[in-house]
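Take each task on your own before you read its solution.

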Amino acid sequence: MKRINILGIDLAKKNYQIFGVDNKQDEVINKRLSRAKLIEFVTKLAPCIVAMEACAGAHYLGRLFRDLGHEVKLLPPQYVKPFVYTNKDDEADAQAIVEASTKKKIHKVPVKEPDQQDIQFVHRLRERFVKNKTAVSNEIRSMLFEYGIIIPRGDHILIHQRNELLDNNRLSPMAKESLITLFKEFHAALNGKLEQEKRLRDIARKDSRCRTLLHMPGVGVITATALIASITDPKVFKNGRAMSAWLGLVPKHTGTGGKNKNLNMSKRGDQYLRYLLIHGARSVLRTSKEKKDRLSIWCNELIERRGYNKACVALANKNARIIWAMLSTGQPYRAC
C-alpha cells in the first residue's frame, strides 16, 4: 500500500469511514472500520495528517492521534459540507474532509485538553440547571395563576413565600401536593446551579489567567472560565479582531461589483461565549452614566449615537479584543 499523506475520518458512534490519499491526492484507502480497528490502524500508520470534523468524540481522538505522532486537523462541519459534491453518505463525507483539510483558508479547530473539557462540562451542567429552574418556576407561577394567585418575578419571592403559598386556602389538598413536588424540583435545580457556580469560583481562583481576566469590567467568574475552556491558544488568532470575528461579534458583509455593504452582527462561532460577553457588557452600561472615566464616557456617547443594544454589542466586541491581548501577552488589564 502506498504511503498515506492525509487520512480523513468520518466519525460515528460505532463504525468509522476512512479515506486516505497520498501526496498526489490519489486514493490509497477507502473502507469502514470499527472503533477498535480504527485506533489499531492509525497506531500502525506512519505519521501523516489526520483530518476529522470537530464533533462529539473528536477531541479525544485528536489527542490520541496527536500523541501517536500524527498532525491532527479538526475542521468545522459547516466548512466541510460544501465539498460533498453529490449524494451525502459516509464515504462522501470522508472524501470531503480530506479535500477540506487541504484548504489553507479554512481555520482549524484546536484540540481541547482534558482540563478544558472538564470546565466546559461544569458550564453545561450549570446551564441545564438554570433552564430547569426557569422552567419549573414558570410552571409554579402558571399553576398558581389558575387559582387566582399572582406571584411577582424573582426566585427569592418563591423561596420566601413557599410556606405561605402552601397554606393558601384557595388551593385544594391535591393542588398543594402538586405544588410541593414542583418546589422540590425547583430547589434541586437552584441548589445544583449554586453548586456548579461554586465549582467555577474554585477554578477561577486557582487559574492565573482567570484571575487576570476578572479585573476587567464586564467579565465575571462564569465568563472568565468559559473563555479559558474554549480558547486553547490565543495566538491561533492573528489579532483581536480575528478573535472577535470568531465569536460572531463583528458585522457580516455582502458585496458585488466592488461594492461592499456591512450588515448586522454575524452571530458566528460560540453562541454561549457571545451571550456571556454581551450580557457582561450590559452590566457595564447600566452603571456607565454614574461614572466619568474614559470607558464610561465612550459608552455613553455610543448609546446616544447608536442606541443601547448596539452599544452592548460594540462594548462586547471591544472587550473580546482586549481579552485576546491579555491572554496572548499575559499583561494585566489597564483601564483606559
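**Exercise 1. Is Cys210 buried or exposed, and how many disulfides does the whole structure hold?**

Step 1. Cys210 has a relative accessible area of 1%, so Cys210 is buried; buried means under 20% relative accessible area, exposed over 50%, and partly exposed in between (1.4 Å probe, protein chains only).

Step 2. Cys299 also comes out as buried, at 1% relative accessibility.

Step 3. A disulfide is a covalent bond between the sulfur atoms of two cysteines. The test used here asks for a pair of cysteine sulfur atoms within 2.5 Å. Searching the whole structure with it gives zero disulfides.

Before going on, please note that this is a predicted model, where local features need pLDDT of at least 70 and side-chain atom pairs count only at pLDDT 80 or more, while totals for chains, interfaces and linings use all residues. Residues are numbered from 1 along each chain as its sequence is written, and side-chain values use heavy atoms, with hydrogens and water left out.

**Exercise 2. Describe how α12 packs on α14: what is the angle, and which residues meet?**

Step 1. Two packed helices are described by the angle between their axes and the distance between the axes. Helices (H or I, at least four residues) and strands (E, at least two) are DSSP runs, numbered from the N terminus. Axes are lines fitted to C-alpha atoms, for helices over the stretch in contact, and angles run from 0 to 180 degrees between N-to-C directions.

Step 2. Helix α12 spans residues 271-286 and helix α14 residues 308-329; their axes lie 8 Å apart at an angle of about 115°. α12 is therefore roughly perpendicular to α14. The classes are these: under 35 degrees is roughly parallel, over 145 roughly antiparallel, 65 to 115 roughly perpendicular, and the rest oblique.

Step 3. α12 and α14 cross in a right-handed way. A crossing is left-handed if the near helix is turned anticlockwise from the far one by less than a right angle, and right-handed if clockwise.

Step 4. Contact means heavy atoms within 4.5 Å. Among the residues that meet are Leu277, Ile278 and Arg282 from α12, and Tyr308, Asn309 and Ile323 from α14. Sorted by class, the contact of α12 with α14 has 13 nonpolar, one polar and two charged residues. Here Ala, Val, Leu, Ile, Met, Phe, Trp, Tyr, Cys and Pro count as nonpolar, Asp, Glu, Lys and Arg as charged, and the others, Gly among them, as polar.

**Exercise 3. What is the crossing angle of α5 and α8, and where does Gln120 sit?**

Step 1. The axes of α5 (residues 114-145) and α8 (residues 173-206) cross at roughly 155° and come within 8 Å, so α5 and α8 are roughly antiparallel.

Step 2. The crossing of α5 past α8 is left-handed. The contact of α5 with α8 has 19 nonpolar, six polar and seven charged residues.

Step 3. Gln120 is in helix α5 and is buried, with a relative accessible area of 15%. Leaving aside neighbours within four places in sequence, Gln120 contacts Lys112, Ala229 and Ser230.

Step 4. Gln120 and Leu227 are 107 residues apart along the chain, and their C-alpha atoms are separated by 9.7 Å.

**Exercise 4. Which residues make the contact of α1 with α2?**

Step 1. Helix α1 (residues 35-44) and helix α2 (residues 58-67) pack at about 30°, with axes 10 Å apart, and are therefore roughly parallel.

Step 2. α1 passes α2 in a right-handed crossing. Arg35, Leu38, Ile39 and Val42 of α1 make the contact with Tyr60, Leu61, Leu64 and Phe65 of α2.

Step 3. By class, the contact of α1 with α2 has seven nonpolar, no polar and one charged.

**Exercise 5. What is the phi of Gln25, and where does Glu27 lie?**

Step 1. Most residues other than glycine have a negative phi, and most peptide bonds are trans. Gln25 has a positive phi of about 65° although it is not a glycine.

Step 2. Gln25 is in the loop between β2 (15-21) and β3 (27-34), and is partly exposed at 42% relative accessibility.

Step 3. Glu27 is in strand β3 and is exposed, with a relative accessible area of 51%. Beyond neighbours within four places in sequence, Glu27 contacts Phe19, Gly20 and Val21.
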